[in-house]
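Dear colleague,

I am handing over the structure below, and I would ask you to look at it before reading on. My notes on it follow.

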Amino acid sequence: MAEFGDADRQAPLRVGVAGLGNVGATLVRILQKDGAELTRKLGRQLEVVAVAARSRSRDRGIDISGLEWFDDPVALAKWDGIDLFVELIGGEDGPAFAAVKAALEIGRPVVTANKALLAKHGVTLARLAEESGAQLGFEAAVAGGIPVIKTLREGLGTARIAKVFGIMNGTCNYILTRMGNEGISFADCLKDAQALGYAEADPTFDVEGFDTAHKLSILSTLCFGYEIAPDKMRVEGISNITQHDIQVAADLGYKIKLLGIAERTDDGIEQRVHPTFVPKGSAIAGVDGVMNAVALETDHVHELLLAGPGAGGPPTASSVLSDILDIARGTRVPPLGVPSDELLPYREAPHRPHEGGFYIRLSAKDVAGALAAIATRMGEKSISIDSVIQRSDLSAKAVAPDGSPTRTVVMITQQTLESSVREALAQIAADGFIVGEPQLIRIEKL
C-alpha cells in the first residue's frame, strides 16, 4: 500500500459521472472544490474527467468545459479513460441499468444512488460485480447521508440483527410533521413540499410508500441474508391520513410516522411499509421534517439508531463520495453483505398477531344499533376493543346516501391479526352502517 505522502506519484483515480441533476452536480462541485483536501486524506488524487447527461447547455453551477462529454451513459461506462463509474441517472431499467451492467462486466467499479435499480436488479448486479472483481457501492441509495449501508456491511461484526425499522422518506416525514405541528391538511402540506422541491410533480412514488419499500428491501437483504424482495411486503402510503388521525394520535400520546419495518422470525422474514402510531417518547418519534432514521435491533448492541438528512444534493453526494473514497482505498466487501451465491431464497413469514393493536376510524351512521352492530362484527372475529372514542370535534359532518347523519368513531384494538380486522371491517361495510372507507393504522410498541 502506498504511503499518503506518495500521492503525487500515484496515478489519479479518474471518475466518470452519469447524471448531472442535483446530486450529480453537487458531487462534481465537491470533487472540484475540495480536491486538494481529498488528496491529502486519501493519498491519491480524485479527478472527474467525464460526464454524461441529457443537456450539455443547462447551467448547473459547475464548470464542465474541460470534461469529456458523453450523450450515452453506456459509452461513458465503457470508456477506457475512467477508472470508476458513478451512476446518478435514476430508474430501475433503461440507461441506468445498461450503464451499470456494462461497467461491471468489464470489471470497472461502480457507485450508484439508485434504490429502484438495486431493488429490482441488486442480486444480479452483485453477482456480476463478484464475478468480474469490481466493487459496487450504494451507500447513497438508502437514507441519503446516513451511513447505514457501511454500518451493516462493515460495522457490526458478528452481531445478529433481529429487526430493522425506520423513517426512510423525507417527503412523507415532512408532510406528517407539518400536519402534526400546524394542523393543516395533507393536500396543503404536499403542495408546500412540491414548492420547496421535497416532492416531485407526481408524488405517488413517495407518498404511497414505494420509495420506502425499495429502501427497506435493500436493508432487509443486508440485515438477514435473504434475496431482495420488494414485492413481498404490504405497502401503504400516507395520502389517506387526516387531521382526525393526527389529533387522536396526539391525544393518546403518539405521533404518526411512515415506517418501513423488517423483522426476522423463526418462519421467515416479515416486511411492511405503512403509517404507524409511535409513542411520543420514542427516539423515532423525535425525527421530524425531512430527516430520516434507521433503527437496528441486534444481539450485541441492542438498539442502534442512525439519524440524519435523508435526501438532497449535499447529503446524498456525501454518501456517494464516501463510496468513492472506499473504492480508492481498496476496501472490498461483498455488495450485499455476503457473497451473492450465499443469499437465501426469500421466505415470507406468515401473518402474526400485531402486538401493538390497531387504530380504526369509521364514519358511522348516527342511528340506533349502529355501534352495537359494529361491536358484534368485531367480536365475531375475536377482536378485543381496548377503547372507543366519539368526539364532536372530530365529526366529519357527513351525510350518508340515505340521508342519515354520521359521526366519527375511533376504536383502539388489543393485539390481533390484521387480516381479522380487515375481514370485520369488510363485513361492517356490507352491513351498511358506515360511510366511505375505514382508516386502519398499526400501533407500534417501540
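Between domain 1 and domain 2 an area of about 650 Å² is buried, and carbon and sulfur atoms give 71% of it; buried area here is the accessible area, taken with a 1.4 Å probe, that two parts lose on being put together, summed over both. Of the area that domain 1 buries against domain 2, K115, A119 and V123 supply 68%, which is more than any other three residues.

Please keep in mind that this is a predicted model, in which local features need pLDDT of at least 70 and side-chain atom pairs count only at pLDDT 80 or more, while totals for chains, interfaces and linings use all residues. Residues are numbered from 1 along each chain as its sequence is written, and side-chain values use heavy atoms, with hydrogens and water left out.

The chain is divided into domain 1 (7-137), domain 2 (148-310) and domain 3 (358-443), with bounds that come from an automatic or database domain assignment. In domain 1, 8 residues are in contact with 10 residues of domain 2, where contact means heavy atoms within 4.5 Å.

Across this interface the rule finds 1 salt bridge, that is, a side-chain nitrogen of Lys or Arg within 4 Å of a carboxyl oxygen of Asp or Glu. The side chains of K115 and D211 meet in a salt bridge, at 3.2 Å from N to O.
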